[in-house]
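Welcome! Please take a moment to look over the sequence and the structure below, and then read on for a short tour.

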Amino acid sequence: MSETAPEKHEFQAEVKQLLDIVIHSLYTNKEIFVRELVSNASDALEKLRHLQITEDKIFDEEQELEINITTDEEAQTLTIQDFGIGMARDELVKNLGTIAHSGSKQFLKALKEGGDQNSNLIGQFGVGFYSAFMVAKDVKVYSHSWEASKEGHVWTSDGSGAYTVEEAEGQNRGTKIVISLEDDHKSFSTEDEIKRIIKEYSSFVQFPINVNGERINTQDAIWLKNKSEIKEEDYTEFYKFACKAFDEPMLRLHFNADAPLAINALLFTPATNVEAMGFSRSESEVALYCRKVLIDAEPKGLFPDWLRFLKGVVDSADLPLNISRETMQDSALVQKLNSVLTKRYLKVLAEEAKKRPENYEKFWQTFGIYLKEGVTSDFTQKDSLTKLLRFESSLTEKGKLTSLSDYVSRMKEDQKEIYYLQGSSRESIENGPYLEAFKARNIEVLFLFLPIDEFVMNHIREFEEKNLVSADQDEIELENITPEDAGEPLEKDEAEKLSTWLKETIGERVEEVKISDRLVDSPAMSSNSDKFMTASMRRMMQQMNPDAPEMEAKVVLHINPRHGLIKNLASLRDSDPDLAKNIADQIFDNTLVEAGILEDPKKLLGRVYELMEKLAGKS
Ligand code: ADP
Ligand code: MG
């Protein structure tokens, strides 16, 4: 008998909230509480295994590192016992009375944002220990810390608002959780049901799991096994259990090497990009092991940041077991692992792109944005990453993609540069004036749809010794051709006079006026004479730093000497100079609109009304 009376505690407010949702939600997959408790038991055993390396005094030393589950149908109870590190009194209060771990915190946050999809959300997060209250009348947690000097205790709660903690003598090391099941959920006290659940969720747990004395999990660290011994389902099952995933993996890399480093890695690319779904920035979920002993579930520096979507396991026998979280990132060995694994993963992507292009495109649509991030932030992998980029282009069908290598292979002999255009959609690029000259000459132009794409292109600069150039640049030299069905152009010196006049009339807003062969259907276009500050770059910079003084765009106006409007303008100059000036300004503003750099449309609109008034008066 314990000497002290049970001590009553209130749950922290957030725990109450969580419990309320867990207990009352209509969530059907209640059996996952078994997985949660078993993985807590496994965590506790893992921690003990670590302690055994550094501590020589461990309470109840002779207990096996195992998990024992007993079912009692008559009493309607389920008991899960481990001989792990256990919890002392204050740890019971802290760990089971407050929300300490990030999974539950994230869950609550998503709940606040998620509205009435709550019941689905539970399925996407492990709510941990508290999930037991989905099925329990009450839960008793008996525990004794690995430290012999601490007392054993029992923590009891029915999940409503409070719990008690009381001394309990005669405890083994570790934790024993006794769940009294509600009548509706008494099936969890039948042996067959529990065995089925353990097999489904917990087959890869590193420690023996016995149900009523019978060992039921296989203790295989699948990543250490030979590929030929592993079935497809084993991989998927591992992914779901060990990586706590809820989807099917999109890609898998099982990699074993002995030299220069001993590495056994099993890496999964998930099917979904959770960041794109609005969740906060993800943290890498590739756990680091040394000979099956977990070193860190979320090691920093094991992969570059832009591979943070990966899940899985890396095991290296070369790692010292006692490496600490703090020194992890600086460890030369971890950096070496990082470099080897990153290269290997990129190789897998390159192979996939070659052998199963459709699969790769699926990957690209989901995770391409991370590779772009890599191009701009990771100099060491830039070249391999560049080869993996995909874009639509003027020669692809809508929605179909091409690589830079394929682009280069289609280049004409005399083409020296790789061209791209940025725009919000395929339609807007195809209907803009910049593509005309390239289309007329059958030169391919890559289409970029995101502002970051142009940033990426600026980082790459050149590919296979060809410069990457925005097709709205001023200084692009294109082969001289006369478009078919094009009318007669203005006489050369008429055209020159017109362009001098245009420069004077439009004034400082334009840097230069050129007679252009880059236009086919449009009367005019503006181009950028600043190589690196393209229109979309400027927009991006202004968004990032709205208070900075406005940057003057350097604009060159190109006019199409074959276009009716330009030809008429040349004669209107003499017959009606005022109207000609208005039209000249209007043409220029129109090209700025197309280029996306017109700052203030008021003047343009006023002028349009004026022109319309004149036109209306004529008839
Ligand atoms: P998580 O496992 O994600 O940390 P849980 O809600 O499952 O969250 O558990 C909360 C905490 O309670 C754990 O972090 C751990 O400190 C403690 N705990 C739970 N079960 C056990 C156990 N069987 N042995 C020792 N500590 C445990
Ligand atoms: Mg847990």
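In this report, contact means heavy atoms within 4.5 Å. This is a predicted model, in which local features need pLDDT of at least 70, side-chain atom pairs count only at pLDDT 80 or more, and totals for chains, interfaces and linings use all residues. Residues are numbered from 1 along each chain as its sequence is written, chains are lettered from A and ligands numbered from 1 in the order in which they are written, and side-chain values use heavy atoms, with hydrogens and water left out.

**The whole protein**

Helices (H or I, at least four residues) and strands (E, at least two) are DSSP runs, numbered from the N terminus. Buried means under 20% relative accessible area, exposed over 50% and partly exposed in between, with a 1.4 Å probe and protein chains only. Accessible areas come from the Shrake-Rupley method with a 1.4 Å probe; for residues, only the protein chains shown count as cover.

| Property of the protein | Value |
|---|---|
| Helices and strands | 20 helices and 22 strands |
| Buried residues | 50% of the 619 residues |
| Accessible surface | about 31,000 Å², 48% of it from carbon and sulfur atoms |

Among contacts with a separation of 6 or more, 71% are between residues 24 or more positions apart.

Two strands pair if DSSP finds at least two bridges between them. Nine strands, in the order 1-6-5-4-7-3-2-8-9, make up an open sheet with mixed pairing. Strand 1 (7-10) and strand 9 (214-215) are its edges, each pairing on one side only. Strand 1 runs antiparallel to strand 6 (residues 162-167), and 4 bridges join them. Glu10 stands opposite Ala162 in strand 6. Helix 3 (residues 89-97) packs on the sheet, touching strand 1, strand 4 (136-144), strand 5 (153-157) and strand 6. The direction of helix 3 makes about 165° with that of strand 6; axes are lines fitted to C-alpha atoms, for helices over the stretch in contact, and angles run from 0 to 180 degrees between N-to-C directions.

**Around Leu267**

Leu267 belongs to strand 11 (residues 263-269). Is Leu267 buried or exposed? Leu267 is buried, because its relative accessible area is 2%. Beyond its neighbours within four places in sequence, the contacts of Leu267 include Leu251, Val286, Phe303 and Leu310. Leu251 lies 16 residues from Leu267 along the chain, and their C-alpha atoms are separated by 8.3 Å.

**Two crossing helices**

Helix 16 (residues 492-506) packs against helix 19 (residues 577-595) at about 85°, with their axes 10 Å apart. The two helices are therefore roughly perpendicular to each other, a term for angles of 65 to 115 degrees.

How values were computed:
Angles under 35 degrees count as roughly parallel, over 145 as roughly antiparallel, 65 to 115 as roughly perpendicular and the rest as oblique.
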